[in-house]
Amino acid sequence: MLTAATIAILVVMLLAITRCVVGPTLYDRILAFNMFGTKTVLLISILGFLMGRPEFLDIALVYALINFISVIGVLRYSDSNEFKHPPQKHPSTKEDK
């Protein structure tokens with residue numbers, strides 16, 4: 001039963017990566033990245049249970065916190081004007097002779 005859950009989580013992670021690469025908008029990609037991180041936490045937890053290593057839960061919790069903070073950071077950066085409008089290249093000031 002847990003093996004089937006592990007395989008299902010891996011399939012969902014593959015679909016999330018596909019959405020992250022193909023996603024039509026930036027927010028779809030960010031959401032897919034967040035979903036991939038959440039499924040990674042689940043995968044680490046299940047593998048820790050299957051291997052009899054309860055310390056994997058600590059690793060999963062740390063990964064969940066890092067995933068949450070990184071997604072919040074990317075969302076805050078994506079709202080800035082610099083991200084929406086990349087800086088324009090200025091023509092060189094050197095005079096051609």
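Here is a short walk through this structure, from a surface patch to a salt bridge and then to one serine.

Keep in mind that this is a predicted model, so local features need pLDDT of at least 70 and side-chain atom pairs count only at pLDDT 80 or more, while totals for chains, interfaces and linings use all residues. Residues are numbered from 1 along each chain as its sequence is written, and side-chain values use heavy atoms, with hydrogens and water left out.

Leu26, Tyr27, Phe68, Ile69, Ile72 and Leu75 make a nonpolar patch of about 550 Å². For such a patch, residues need over 30% relative accessible area and no salt bridge, and nonpolar side chains (Val, Leu, Ile, Met, Phe, Trp, Tyr) are joined within 5 Å. Areas come from the Shrake-Rupley method with a 1.4 Å probe. Helix 2 (26-51) and helix 3 (56-78) each supply at least two of the patch residues, and helix 3 gives the most, with four. Helices here are DSSP runs (H or I) of at least four residues, numbered from the N terminus. Tyr27 sits in helix 2 and is partly exposed because its relative accessibility is 44%; that label covers values between buried (under 20%) and exposed (over 50%).

Now for the charges. The count comes to one salt bridge, meaning a side-chain nitrogen of Lys or Arg within 4 Å of a carboxyl oxygen of Asp or Glu. Glu55 and Arg53 form it, with their closest N and O atoms 2.5 Å apart.

Last stop: Ser78, in helix 3. At 2% relative accessible area, Ser78 is buried. Ser78 and Ile30 are 48 residues apart in sequence and 9.9 Å apart in space, C-alpha to C-alpha.

Terms used: Patches are made of residues with over 30% relative accessible area and no salt bridge: like charges are joined within 9 Å, nonpolar side chains (Val, Leu, Ile, Met, Phe, Trp, Tyr) within 5 Å. Buried means under 20% relative accessible area, exposed over 50%, partly exposed in between (1.4 Å probe, protein chains only).
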